[in-house]
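Hi,

Here is the structure I said I'd pass along. Have a look at it first, and then read on for what turned up.

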Amino acid sequence: MNRYLEILLESLKGFDPRYLYRNPVMFVTEFALILSIIVTIFPSAFDLSVSFSYKQFYEAVVVLLFLTILFSNISSAISEGKSRTITNSLRKLQKETTARLLSGTEITEVPSSKLKRGDIVLVKSGDTIPIDGEIIEGSGYVNESSMTGESRPSRKILGDSVTGSTTLVTDEIKVKVTNNPGETFLDKMISIVENAKRERTPNEIALSVFLSGITLVFLIITAALFTLSRYVGVTPDIMILIVLLIALIPTTIGGLLPAIGVAAVNKISEYNVIAKSGKSVENAGDIDTIILDKTGTVTMGEREAVKFYPNRGVDYNEFVTTCSMISLQDQTKEGMSIVKLAQRDNINLTLNDVAGYEFVPFSAETKFSGLVRGGDEILKGAFRALENKFNISDKYVEGLCKEISIRGGTALTVVKNGEFSGVIELNDLLKPGIKQRLEGLKKMNIKTIMCTGDDETTAAFIARESGIDEYVANVTPIDKYNVVIKEKEQQRMVAMVGDGTNDAPALAKADVGMAMNSGTPAAKEAANMVDLDNDPTKLMDVIFLGKQILITRGALTTFSIANDIAKYFVIIPAMFTVFSQLNYLNILGLQNPVVAITSALIFNTFILLALVPMALKGVRYRPSSISDLLKRNVMIYGLGGVLLPFIMIKIIYSAMIATGVVW
Amino acid sequence: MNSLAYAFTIQGGSFWGQFFLNNRLVSGSIIILIYIVFMSVFAFILSGYIKKIYKEEPVWLDPVSGRIVKFFEKIFGESPPKGMKFKEYFSTLLLFNASAAIVTFVFFYFQNLLPFGTGYHQYSISLVFNTVTSFVTNTNLQHYSNPLHLTYFTQTFVITGLMFVSAGTGFAASMAFIRAILSENGTLGNFYHDFLVSIFYLIFPLTLLLTLILLFMGVPQTLSPYLLVHPILGLGYEKLPLGPVATLEAIKNIGTNGGGFYGANAGFPFENPNWISNLTEFIAFTIIPLGSLLSLGRVFDSKGFSNVLFGVVISIFVFTTFMTFFGEYAGIPVLSNIGVMFTGNMIGKETAIGISQSTIFASGAVFTSTGAANSILLAFTPVGILGILGNLILNDPIGGVGTGVLNIFMFVIFTVFISSLMVGKLPEIMSLRIGAKEIKYSTLSLITHPLLVVIPFGITMLLPGVIGVTGNPTPDVVTQIFYEFATAAANNGSEMGGFLTNQPYFNYLDGIIMLLGRYLLMAFQLLIAQSFSSKSPKVQFGRSIDPGSFLFGLMLFVTIVVLGVLSFFPILALGPFLSWARDFGLVLRWFH
């Protein structure tokens, strides 16, 4: 109840002309309202009939004009109320904590709001991480449920970024502060949601300029009609002219325009995505090419070892032991799954077994990881990478790899003592529902390009299975950048997802770059949106949303202008009943002119209310090609916008006559 | 068929001859379609050449025209021509036009002192202002009574000169617009260069050609004094004005100017001797506007775009022309019913030309911004005039020389904007992003025309004195006043009249409307060009709404018509709609 009251109060506040002047259509409506009130109070001053029935009509007009503005204000009040709820809940997260500031070895306790960029803080198990930062020492599990709603803690290692207000549940980490207080993600998110009302996108500005222009034309034509009717000897009823003006100016889109923009920003916040501006969401709707990572987007990304294939002449158990050894310190999902699979073969190793070896972690450039002791190297990695590194070849292993690739799996080869000792088969499953989503993208004429570090065969298999248009195999981060450049050279709008520092240039170059919250600060800086849930497929939701905003605006504009045709045919004959010959324009056959004019205004007022949910939710949108979509929307909102008011005005008129309204 | 009409049916001759002579609706429609086919074919032939001018490709006129252009560029000190941004381009354009206007103003005002002048040739300052603005803006609204009040000197230098200047300026603006879309160096080109190219590559050669054709058809070109002839019936002498008609007539049509040598314009036999010259002149004034629209597809490598533009403008044209034709064919029921008007409304039409050819000529004159006439619009039926007004309220669908390209782009930009939104794409045309700035200028140029018509119209309605119609105001007067401002704002220049136009109020007001309708609109449109000019990329790529698709064409058609009609509906209702209802006795009739 309280909420509704709040919305109502907020809507009443919206009558303040200082708010309304930004919205010319509503500003004119308010001007008309004031004028109509004056006319109602002093009808004789305007040479108007003061008969009882006319007074009733005048009062009805005043009420309807008031409602028109009120409905428009309600739509923005609802969307703004929602954004206030969002910012409030975000603010609650921003609790002041005490941070352990490290200077050298000394620890001082300072409030989190005093931290500056570059400071290093120590976070212990159970602590709330005071501010956004990057792990520079240690690793641990972080519970990010406050940000993402994901209750399972995720593991953060060196170089990962952590977000303020999340909780470290294990171990101890040192965090380098990357954002000053007031500039953190939470702050950014809050300010974006708050500014949604004030900051208009270029597209929104363009539309409101157009609407203002049309409003001006209608204002002038109404004024000219005043003098014209005097010239032809009809005393113009100023109230009818006011109704004509309000019926003609695009109140439907004009009244709902502010709410549409705010609703979109609310929606994207509900997706748990931080868009750096409303513009980037609209840009997302315009995407032609989307560059996806295979792992995590198209496939589950949790690649699991499923089988060991020792090379000819290599003992199975010995091979499994080797695999387990090199994966013990490997913290990637594949590494852990290899150790787990080895345990099923009863190979249980501890860190003691690899004492004396140095672990080489995986990197996107080298594409291998493993152990090194002196000149002794045991490495696992892609076949091509190791083949090139050691300059060796093995037809049997190559054959095994090909076989696995054709099945869509990933082959991980292991080299020991300069020779291939076998292949580990990793399995990667397509994400559930990814096929349908990619199909949707195809219908929208969006080209999909998959980037993967896997070889040609695997990439081809996954691409075919999932319906990806193009793929780039054996990818290095620089390749990704090149793909973006290549697409942009063809004047396509490119969207991509990335998380590593290496992705930053590509993210910055892309029209829409979405970084994962788990990604590095550099990637997050370069991107124009950040997904807090680390779900790359969300990029597609954002594309949908972007399209939806634009379609909602376009559809309502078309509808609003198309409505005018019917209103002319109702109001003009009703205004000039003196010229009985002009009655052929009265195609609805509305005999009572005053009731007819009121019906038109009632339609105009309540269609605004009826469309509020559509403005807030966005029009229904199913992925389809441009021409199909245009055909469909032109039929619904264009043709529908012409016909609906004829039908509705006739119904309203009949209902009014039936209830015995005789003005 | 009543007996009187039967008496006029033609007997004998071949079956088809009889059929066409007795079924004028059919034969008239066929004549109109033949005109449209001829117009389209000739425009299509010229469009290839215009495309080469737009893209600055070599043409066969280079050896002659190229040298002349270079020669004049040297005189202007613009050799080689340097690129100009909007501000410089437009101010040069304005300055050039202003100097032409001022010089001609002086010539005109003092024409009694100049060669061929007598005291008889003195005009009021408001009329001179009106006439000069009218000709420099390519409008050619003539508030003076022709031709007795103009000397040969004025006809040739003031009128013909300004006709070249205005046509060249219009085409130069369109060259700048297209260059801005194609290039990405941030400039619009050089005005002097564009103007000279327009004149010497396009307008002058065509004018020369048409002059020769007209001379062969018998249009006079002489400096000899007026002939004094003795009428067959009646007493005394009548003055038969002669003069350098052919040249003026040629540029009048080629440059979509429309201001004739004689008061009756192309209705006078010396301007338009027969049906062949009628067709020739019709082709002459449609060839450049339609040709430049058709060239756009070739310029932007999108055949579909040409088809869309052609389809849209021809649909509008066919619709309005047949509206006028049917209106005129039906005539006025009161008169036809008593058998006086069974041939349709022949009032104010040249009998040698007839209803269908008068209709298509008048319709073509408002379809382009020519405004020439071979019949008297004032005598048209309400439906007939509605068809004509339909073109005027759309600011002449294919516009004048060059300006048609600018106008159609304004509508294309809007249609792209709205339809892109409806499919969830950010709007772009020819891969140029349409942002807030482009929409701002497009909106301004879109509302300029309605505001320039409606504001003066509304004010004039308050001044029954200047309208000077006694008795009850009829809807016809509303139509006439509306027509006056619509033709001025559209820079069309066709006149309906019906009230005293040559009075200071209308002379000054129309003059200002014409100036704003020409230069303000052009400024907004060139500002769009300026903001496109520094944008890249610039190739056609099917990533967004395809401006060459049928659906887009339909959208464009609907956008043009709906925006046009919505802006003027109330005035149309109390003007032509009401007179139509009156003429046809559509009294209070309920449909339910």
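This is a predicted model: local features need pLDDT of at least 70, side-chain atom pairs count only at pLDDT 80 or more; totals for chains, interfaces and linings use all residues.

Let's start with where the two chains meet. On chain A, 56 residues are in contact with 54 residues of chain B. The elements of chain A that put two or more residues into that side are α7 (202–231), α10 (278–285), α20 (538–575) and α22 (626–658). Of these, α7(A) gives the most, with 18 residues. If you sort the chain A side by class, you get 31 nonpolar, 16 polar and nine charged residues.

While you're in chain A, turn to helix α8, residues 238–248. Nine of its eleven residues are buried, so the helix is largely enclosed by the rest of the structure. The buried ones are A:Met239, A:Ile240, A:Ile242, A:Val243, A:Leu244, A:Leu245, A:Ile246, A:Ala247 and A:Leu248. And what covers them? The cover includes α3 (24–41), α4 (52–93), α7, α9 (251–270), α20 and α21 (593–617) of chain A.

Now over to chain B. Its domain assignment gives domain 1 (3–312) and domain 2 (401–576), and the C-alpha centres of these two domains of chain B lie 22 Å apart. Between them, 55 residues of domain 1 are in contact with 51 residues of domain 2. On the domain 1 side, the elements giving two or more residues are α5 (86–109), α6 (125–136), α7 (152–182), α10 (275–299) and α11 (303–330) of chain B.

Most residues other than glycine have a negative phi. B:Thr256, however, has a positive phi, near 45°. B:Thr256 is in the loop between α9 (245–254) and α10 of chain B, and it counts as buried because it has 36 C-beta neighbours inside 10 Å. The other one is B:Asp301, with a positive phi of about 55° although it is not a glycine. You'll find B:Asp301 in the loop between α10 and α11 of chain B. Is B:Asp301 buried or exposed? It has 10 C-beta neighbours inside 10 Å, so B:Asp301 counts as exposed.

Cheers

Terms used. Residues are numbered from 1 along each chain as its sequence is written. Chains are lettered from A and ligands numbered from 1 in the order in which they are written. Two residues are in contact if their C-beta atoms, placed from the backbone, lie within 7 Å. Helices (H or I, at least four residues) and strands (E, at least two) are DSSP runs, numbered from the N terminus. Ala, Val, Leu, Ile, Met, Phe, Trp, Tyr, Cys and Pro count as nonpolar, Asp, Glu, Lys and Arg as charged, and the others, Gly among them, as polar. Domain bounds come from an automatic or database domain assignment. A residue is buried if 20 or more other C-beta atoms lie within 10 Å of its own, exposed if 12 or fewer, and partly exposed in between; C-beta atoms are placed from the backbone.
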